Amino acid sequence: MSYAVLATVGALLFDRWWGEPHRWHPLIGFGRAADWLESRLNRGNQRRWRGVLALALMLLPLLLISAGLQMLLLAISPWWFTLVAALVVYVCIGRRSLGEHARAVALALRAVDLPAARNAVGRIVSRDTQALDARAISAATAESVLENGSDAVIASLFWFAVAGIPGVVMHRAANTLDAMWGYRNTRFFYFGWAAARFDDVLNYLPARLTACAYAVCGHCADALRCWARQARHWSSPNAGPVMAAGAGALRIRLGGDASYGGARETRPVLGCDREPRPQDVERALRLLDRAIVLCLLLWACVVVMWRLL
Amino acid sequence: MDGLTPPEHGGDLAQAIARYRIPAAGWLDLSAAINPEPYAVPPLPAAVFQHLPSNDDAVTAAAVDYYGVPASDAARSIVAAAGSQALIQWLPLLRRHCRVAIPAIGYREHAFRWRCAGHEVIEYDAGVAHAVDEVLRQNIDVLVVINPNNPLTTVYEPARLLGWLQTLQRRGGWLVVDEAFMDATPAHSLADKVGAPGLIVLRSLGKFFGLAGVRCGFALCESSLAATLRAAVGPWPLSGPTAFVAEQALRDRAWQQRARQRLAMHSRACAEAVVAALGGKGAVSRADLFVSAALPAEEARAVQEALARCGIWVRLIELDLQRALLRFGVLAPGDAWLRLQAALERVPA
């Protein structure tokens with residue numbers, strides 16, 4: 001277990017040095033396979049069950065391979081496990097790329113270049129960005145940092161801590177399939193059900209862990225109050241606590257109106273106090289970093305206590 | 001019209017009265033999307049009933065100012081009629097057989113009238129981001145856009161609409177923009193581009209002014225087409241009382257300004273109440289006169305049912321087999337508002 005903590009520290013350092021792997025990203029191949037499978041299976045009757053089958057076909061081979069790899073590595077030497085696990089976790093998390101995308105928005109905002117900021121924020125959120133003002137751009141970016149901090153970093157680390165290489169690989173794969181299939185539109189309403197629910201289940205605990213970490217690392221009482229009052233109104237059961245606690249911890253107001261494909265969607269207001277400003281993007285990134293470090297320390301403590309007992 | 005059944009209109013409160021055994025007076029009817037604080041009709045001089053409306057120059061001038069139609073031959077670019085419905089019925093009769101793209105969700109009369117006139121109607125999904133761009137690739141001659149879309153709340157930016165207009169112009173086509181719900185957001189209107197070949201903008205006094213009963217609508221388009229349309233509609237398109245009320249309403253800038261602010265407030269409050277009650281189940285979006293919640297179909301039916309048991313009637317629009325939209329007409333603060341809030345709080349989670 002202590003080797004896993006070491007591997008995680010290594011992965012975070014790799015991420016810091018190298019950023020997102022550019023030339024060869026295994027998720028691209030995975031995405032192509034998922035597209036192909038969807039084109040074959042998302043048709044005819046029993047779509048919900050076909051969705052379950054597709055999910056199983058995508059995940060089970062990965063589970064077997066990664067579990068086999070882990071056993072093999074542990075049989076050779078814990079140091080080999082540490083090295084390979086660090087590389088796998090590095091590929092599965094995206095702390096630095098999240099920061100780079102968010103910082104590009106913050107830089108453009110600071111230069112008062114709204115068109116550039118709109119384009120930059122368009123790369124990280126799915127809403128219509130061409131009519132956003134500085135406040136709305138800051139809000140969208142902060143929302144993205146808080147939510148992806150949970151999905152793309154802390155949840156991956158959580159599953160690595162619980163189940164090693166198979167855990168982190170499963171989580172990243174399930175999260176990717178949810179992003180591809182988990183829509184409530186005509187095409188994916190039934191087919192995407194399994195992917196969306198499985199992702200909800202996997203992220204249930206990590207999301208709440210992230211929310212706790214945000215609370216401890218920020219304005220704690222506000223974060224907990226916002227979580228308790230606002231999270232259940234949010235349309236996603238896991239993003240609700242994360243973003244409510246994060247917004248409360250930063251004492252800014254997120255959520256509210258946003259436009260998707262021309263439709264003005266009204267979302268619940270999350271957080272409290274004041275409207276977000278460009279500086280809040282940096283504050284959100286720093287909150288995320290403190291939360292990551294807190295989770296790591298907590299994990300290390302658990303490992304040490306385990307040893308002592 | 002053989003084989004075509006006219007679409008039904010309104011929220012069918014009569015059905016609800018029969019089904020839930022609550023008398024008409026007991027209902028809070030939110031199934032219409034009309035300003036809850038309508039323009040106050042001034043006392044009418046007897047003369048407006050006694051003489052033929054001499055000419056509708058005064059109304060036309062008021063409409064030109066209000067809609068912001070560009071100055072050169074502005075008055076010749078505008079056609080009044082008994083509601084935009086009358087214009088929707090006439091437009092298909094002014095073209096030879098052609099291909100018309102119409103939103104699948106929205107006012108049903110467009111598709112019905114174009115079909116009745118023998119045109120080929122292709123429906124597109126206004127809820128999907130690039131649906132219009134895609135349908136335009138199918139040799140479309142006439143594109144009907146409802147902007148903002150009722151009930152989907154989709155808003156199209158003027159720049160995108162003008163891009164589509166260019167494509168249609170190359171084929172001698174039309175872009176028909178139904179702006180029945182545009183009055184609260186004039187910046188998105190194409191009224192200031194009227195005169196461009198093939199552009200037809202439809203406006204109405206029914207929704208924003210809350211004057212659905214006066215039956216007053218306008219088509220704004222290039223003057224040659226306007227002349228044809230005016231001849232088709234015939235003389236005295238507006239009754240004397242209608243012309244009188246319409247002119248007052250279109251000229252009352254102070255009322256319009258206040259109505260915009262109040263509607264923005266009411267619609268926000270209404271959307272927040274709906275989000276608090278249903279936000280966890282689906283997506284809530286809003287326009288100035290209504291709030292729409294997209295939910296899984298069975299949940300939408302359950303919510304409609306739960307509200308109906310409290311005597312509140314909202315409209316349910318099926319999007320496809322799986323999803324439905326619940327549309328709430330916005331309402332002003334007061335007893336009715338408190339009643340909706342209380343009912344929404346009791347909707348089972």
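**A close look, starting from the contact**

Tutor: Start where the two chains meet. The contact draws 15 residues from chain A and 22 residues from chain B. On the chain A side, the residues that touch chain B divide into 4 nonpolar, 6 polar and 5 charged. Keep in mind that this is a predicted model.

Now to the part for a close look: helix α10 of chain A. This helix covers residues 239-250.

Is α10(A) buried or exposed? It is mostly covered, with 12 of its 12 residues buried. Among them are A:Ala239, A:Gly240, A:Pro241 and A:Val242. A:Met243 and A:Leu250 are buried too.

What does the covering? Helices α7 (134-181), α8 (193-217), α9 (220-230) and α11 (279-308) of chain A are included. So are the strands β1 (253-260) and β2 (263-271) of chain A. An α-helix has 3.6 residues a turn, so residues three or four places apart point the same way.

One covering helix deserves a stop. A:Gln230 sits in α9 of chain A. A:Gln230 has 25 other C-beta atoms within 10 Å, so it is buried. Leaving aside residues up to four places away in sequence, A:Gln230 touches A:Ala244, A:Pro268 and A:Leu270. A:Ala244 belongs to α10(A). Look also at A:Pro241.

Next, step off the end of the helix. A:Arg251 follows α10(A), and its phi is positive, near 55°. Most residues other than glycine have a negative phi, and most peptide bonds are trans. A:Gln46 is not a glycine, yet its phi is positive, about 55°. A:Gln46 lies in the loop between α2 (26-41) and α3 (47-76) of chain A. With 11 C-beta neighbours inside 10 Å, A:Gln46 counts as exposed. A:Val112 is not a glycine either, and has a positive phi of about 50°. Its place is the loop between α5 (95-110) and α6 (114-122) of chain A. A:Val112 has 10 other C-beta atoms within 10 Å, so it is exposed.

Now cross to chain B. Between them, 14 residues of domain 1 of chain B are in contact with 11 residues of domain 2 of chain B. On the domain 1 side, α10 (253-278), β9 (283-286), β10 (290-296) and β13 (323-329) of chain B each give two or more residues. The largest share of that side is 3 residues, from α10(B). By class, the domain 1 side has 8 nonpolar, 2 polar and 4 charged residues.

Chain B also holds an open sheet of 7 strands. Follow the order: β2-β8-β7-β6-β5-β3-β4, with mixed pairing. Which strands stand at the edges? They are β2 (78-81) and β4 (120-124) of chain B. Each has a single partner strand, so one side of each is left without a neighbour in the sheet. From one strand to the next, the twist averages 20°.

Zoom in on one pairing. Strands β3 (residues 99-103) and β5 (residues 142-146) of chain B run parallel and are joined by 2 bridges. B:Val100 has B:Val142 in β5(B) as its bridge partner. A helix packs on this sheet as well. That is α3 (residues 57-67) of chain B, which touches β2, β7 (199-204) and β8 (217-221) of chain B. The direction of α3(B) makes about 115° with that of β2(B).

Finish in the loop between β5 and α7 (158-169) of chain B, where B:Pro148 lies. The peptide bond from B:Asn147 to B:Pro148 is cis, with omega near -5°. B:Pro151 is found in the loop between β5 and α7 of chain B too. The bond from B:Asn150 to B:Pro151 is cis, with omega near 15°.

Definitions and conventions. Residues are numbered from 1 along each chain as its sequence is written. Chains are lettered from A and ligands numbered from 1 in the order in which they are written. This is a predicted model: local features need pLDDT of at least 70, side-chain atom pairs count only at pLDDT 80 or more; totals for chains, interfaces and linings use all residues. Two residues are in contact if their C-beta atoms, placed from the backbone, lie within 7 Å. Helices (H or I, at least four residues) and strands (E, at least two) are DSSP runs, numbered from the N terminus. Ala, Val, Leu, Ile, Met, Phe, Trp, Tyr, Cys and Pro count as nonpolar, Asp, Glu, Lys and Arg as charged, and the others, Gly among them, as polar. Two strands pair if DSSP finds at least two bridges between them. Axes are lines fitted to C-alpha atoms, for helices over the stretch in contact, and angles run from 0 to 180 degrees between N-to-C directions. The expected span of a helix is 1.5 Å times one less than its number of residues. A residue is buried if 20 or more other C-beta atoms lie within 10 Å of its own, exposed if 12 or fewer, and partly exposed in between; C-beta atoms are placed from the backbone.
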